[in-house]
Amino acid sequence: MENFLSILQTCQPRSDILTSEFNPEIFTANLGEVVRFYKGEKTSTSDIYTDAEKFFTDATYPTQGLLNLFRNVLRRVTKNDGTAPGTTRLESGFGGGKTHGLIGIVHLIKHGTKLKHFVSFIEPDLLPSPDTVRFAGIVGTELDLHKTIGKKTKTHTLWGEIALQLGGHQLYEELEPEVSSLSAPGKQFFDKVFGNQPCVILIDELAQYATRLKFDHPGAEQQLSAFLLALMGYSASRNNLSIVITLAGGSDIFGTETERLRETIENEGGKTVQINEVDQEIRQLAQDLRTISARQEQAITPVTPDELPRIMAKRLFENIDYLAAEQTAFQYVEMYSKSSEVPGFSKELRYQKIIEKHYPFHPTLIDLLDRKLSIIPTFQRTRGLLRVLTLTIRTIWEKQLDIPLIHSCHIDLYDSKTVDELFGRTDTSELKTVLSADIGSCAPDSQNSRLSRAQQLDREKPHPHGYPVHEWTWKVVLLHSLVGRSGEHGKSIFGISKEEAALEVSFPGLEPVFVARALDSLEEQAFYLKKDPKTGKFFASLEPTINKIIAEAEKEIIENRVNSVLAGITHEIIPEIEGFETIVGVIKPADIPDRADKPKLAVLDINLKKVPVKDFFTSTGEKARIYQNLVFLLVPRTVESEKETRKKFVQENISRHVNYLKKITRSNLACKRILNNPERYGLKRASKPYEEIQQTYRENESVIKREILSLYDSLWYPGENGELIKRELGKGAGETPETLATEIKRTLTDNGKLLTTDFAKTREAVYSMARLFFRQHEDLSLKKIKQAFLCQRGWPICVDENALDTLLRAGIKQGVWGIYKEQMIGLIPNVYVCLENCDNPLPDNIRIPDDWRIIKAQAIVERGWFPIVDPRKKVSPIEVLREELQESVPRKLILDEPEGVIEILANLGSLYRRGAKS
């Protein structure tokens with residue numbers, strides 16, 4: 001396993017997370033609750049927000065946006081610094097830190113210098129003396145539009161609430177009727193309300209208030225705009241006054257918030273309001289308010305995406321060893337740089353720095369939760385992240401999952417709370433079917449749990465270190481399918497590419513190539529996984545793919561049917577080899593006939609496990625086998641001999657191969673059922689799914705044949721000394737029936753087991769066969785030789801009837817043996833032989849019959865069968881020479897040159913003795 005630093009050793013989660021007592025809702029910030037706390041009223045919010053010390057030590061990570069906000073406000077009210085902006089607008093999506101920033105300001109101006117030990121990130125001289133700065137904190141969704149003052153219910157306004165909080169009921173009554181009038185007040189109102197004291201005005205969720213005001217008092221929103229414009233102008237002229245307002249940012253930020261606002265408007269006004277009306281108004285008013293404030297304000301984003309990981313880490317962990325971040329980031333980028341399956345940017349030094357900043361989270365996890373899921377208002381950026389990460393961290397520590405970073409694939413979808421959080425808040429509950437069928441809604445070792453498609457693949461194709469890579473990969477695709485399913489905006493964030501998935505799942509020890517392979521396997525076998533042909537992105541489909549239909553049909557296929565089909569296909573594809581009889585599906589020795597006609601290529605059944613190989617050669621099951629040299633076993637790697645002992649992992653790999661073969665065969669039988677009766681499975685013949693199943697059927701057929709052929713990788717046959725030999729067939733032998741047949745013949749020929757006509761001509765063949773022929777006898781019949789080719793396990797085989805004839809002729813020509821037909825006793829036979837003192841080759845037109853005999857060359861000489869003389873002519877060799885000389889030498893030469901003739905005779909005699917032609 002890769003030597004990485006595990007987060008189990010480098011990080012310590014909050015203790016209440018590990019004990020399941022942690023409630024992420026404690027980080028639900030509410031400005032109104034904190035304001036009421038300081039008024040002495042009872043509140044329901046956690047003390048992590050009302051206790052200033054806990055707020056800054058346990059709940060606050062000082063982002064650059066928060067630091068800028070705090071310093072701007074404090075410079076105004078503490079230093080009378082007119083260069084600091086009088087109005088600050090906080091803008092981000094829901095859960096983006098806006099309210100958190102407002103609460104931080106309240107604590108800073110209430111406690112001031114008392115907090116210098118807890119807010120080291122703020123210069124001490126900026127902290128005011130406690131309770132020297134007045135403030136008003138207003139929440140737009142809570143501000144009453146009508147308020148009971150004394151015994152009367154009056155119209156209540158934003159400026160009236162400011163006056164009430166800063167000056168109490170006495171100031172509020174003094175400013176009647178301005179505070180209850182819907183007309184915006186003037187400068188005198190501001191002078192009375194603010195006086196000369198430093199003041200801070202905090203207005204949260206301003207757009208929601210403006211929308212409520214417009215529906216309750218049509219046209220009043222214009223007066224609100226006038227008031228805000230005047231207030232901001234007044235603040236610009238008063239260096240000790242600071243105004244902070246919040247506006248949600250972006251175009252998709254309201255959603256469910258709009259629905260809540262609609263309900264509030266209906267309750268306040270007593271009339272029905274359509275949600276599209278509210279949505280249109282809030283968006284328009286938010287834009288109008290943004291335009292107004294833009295003239296005077298400085299816009300600040302409290303939390304940027306880069307800072308979000310540190311905020312999460314601050315809230316979820318008690319301790320983190322950030323020295324481990326550098327080494328971990330280096331290992332990741334080093335792994336990415338060696339892979340072609342991840343995006344190019346992940347191989348750069350810049351990405352290494354990004355990983356360091358996100359530690360202990362992988363950047364893609366935060367990106368998924370923040371950039372994608374946070375656009376859903378009910379998920380609520382920071383709090384949604386906290387809820388999911390809390391559950392994930394708890395699972396990692398419970399299972400003691402050794403990982404270097406927390407990835408999105410580590411989100412525990414076996415946990416019902418996590419599932420409800422993700423699917424419920426993203427309004428995608430229908431995708432739970434995908435989770436259950438394809439990924440797994442409970443652990444694979446749970447009782448009564450049925451394996452999902454991904455879990456099945458993890459068992460069939462396990463990762464070397466046991467990581468559930470198929471499950472994790474599919475999970476990541478599903479998570480990226482929760483948002484953006486419809487609409488133009490969703491296209492950019494919906495789904496995930498193969499490279500992105502590899503980046504999001506892989507870590508040192510689980511390289512990207514495994515993720516890419518897993519995604520390929522899932523594409524073939526998952527029910528709901530689809531790929532967009534235009535974008536190339538994978539996503540979770542709400543409609544099952546053809547795999548789902550096929551899987552339903554597979555339930556009807558019994559095991560015996562699968563084995564029967566495999567046997568039939570094996571019969572079909574195992575090649576017929578010239579000169580051999582092929583017998584497919586051999587299980588026992590009795591399946592191989594004991595006949596002398598042809599060599600038997602016995603193809604063992606793939607379902608066999610361990611067999612006594614020798615029995616196939618020596619027995620027919622009932623008696624001893626006669627023709628033992630004619631048995632050849634073509635053996636799949638699923639079968640081992642009784643003498644072999646395979647390692648466990650080898651046997652497991654073979655079992656997986658066979659299971660895969662049976663699985664794809666079952667799938668193809670299901671395809672055939674569907675194609676024969678598509679209506680039964682809800683399909684039409686003229687439909688795309690039907691065509692896809694046709695294509696799958698054809699492709700599976702090809703795969704099944706190729707997989708069966710690839711199993712047959714060894715050949716058993718009798719060796720030179722009669723022992724049984726196992727030969728591995730060469731690579732690529734099982735690619736096609738033709739290559740398999742060629743490789744079998746090549747193996748037998750190269751190892752001298754197959755006597756071919758071409759080989760029979762060679763000196764090597766002649767001398768090797770002479771050792772077999774004359775091992776015990778110097779003279780034997782051809783009938784016995786032919787019988788030995790059939791029965792003697794140490795002999796080669798002749799599948800070509802011309803090979804033996806060619807061999808016999810070659811032995812004669814090379815002077816190794818002779819052949820003759822047995823004569824009556826006492827007569828010298830006519831021997832066909834080529835020796836030093838004889839040349840009597842076998843005529844080409846003679847077929848050598850079985851009743852002839854072969855004799856060792858030396859035995860011919862020892863028996864005195866030379867010189868060869870025709871028994872019907874008692875003529876000496878000298879007389880033969882004289883006759884030939886008279887025919888070839890002119891008579892005049894013999895009479896005139898007797899000495900020359902004598903020399904010629906001598907030479908001729910010498911040539912004859914050497915067996916040359918006279």
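**View 1. Y820 and V831 are bridge partners, the latter in β21.** Strand β20 (residues 817–821) runs antiparallel to β21, joined by 2 bridges. Pairing requires at least two DSSP bridges between the strands. Strands (E, at least two residues) and helices (H or I, at least four) are DSSP runs, numbered from the N terminus. The model is predicted: local features need pLDDT of at least 70, side-chain atom pairs count only at pLDDT 80 or more, and totals for chains, interfaces and linings use all residues. Residues are numbered from 1 along each chain as its sequence is written, and side-chain values use heavy atoms, without hydrogens or water.

**View 2. β21 also pairs with strand β22 (residues 838–840).** The sense is antiparallel, over 3 bridges. D839 of β22 stands opposite C834.

**View 3. Strand β21 (residues 831–835) is largely enclosed by the rest of the structure, because 5 of its 5 residues are buried.** Buried means under 20% relative accessible area (1.4 Å probe, protein chains only). V831, V833 and L835 point one way. Y832 and C834 point the other way.

**View 4. Helix α25 (residues 546–554) crosses helix α28 (residues 648–676) at roughly 95°.** Their axes, lines fitted to C-alpha atoms over the stretch in contact, come within 8 Å. The helices are therefore roughly perpendicular (65 to 115 degrees). I549, I550, A553 and E554 of α25 make the contact with K663, R666, S667, A670, C671, R673 and I674 of α28. Contact means heavy atoms within 4.5 Å.

Conventions
Buried means under 20% relative accessible area, exposed over 50%, partly exposed in between (1.4 Å probe, protein chains only). Axes are lines fitted to C-alpha atoms, for helices over the stretch in contact, and angles run from 0 to 180 degrees between N-to-C directions. Angles under 35 degrees count as roughly parallel, over 145 as roughly antiparallel, 65 to 115 as roughly perpendicular and the rest as oblique.
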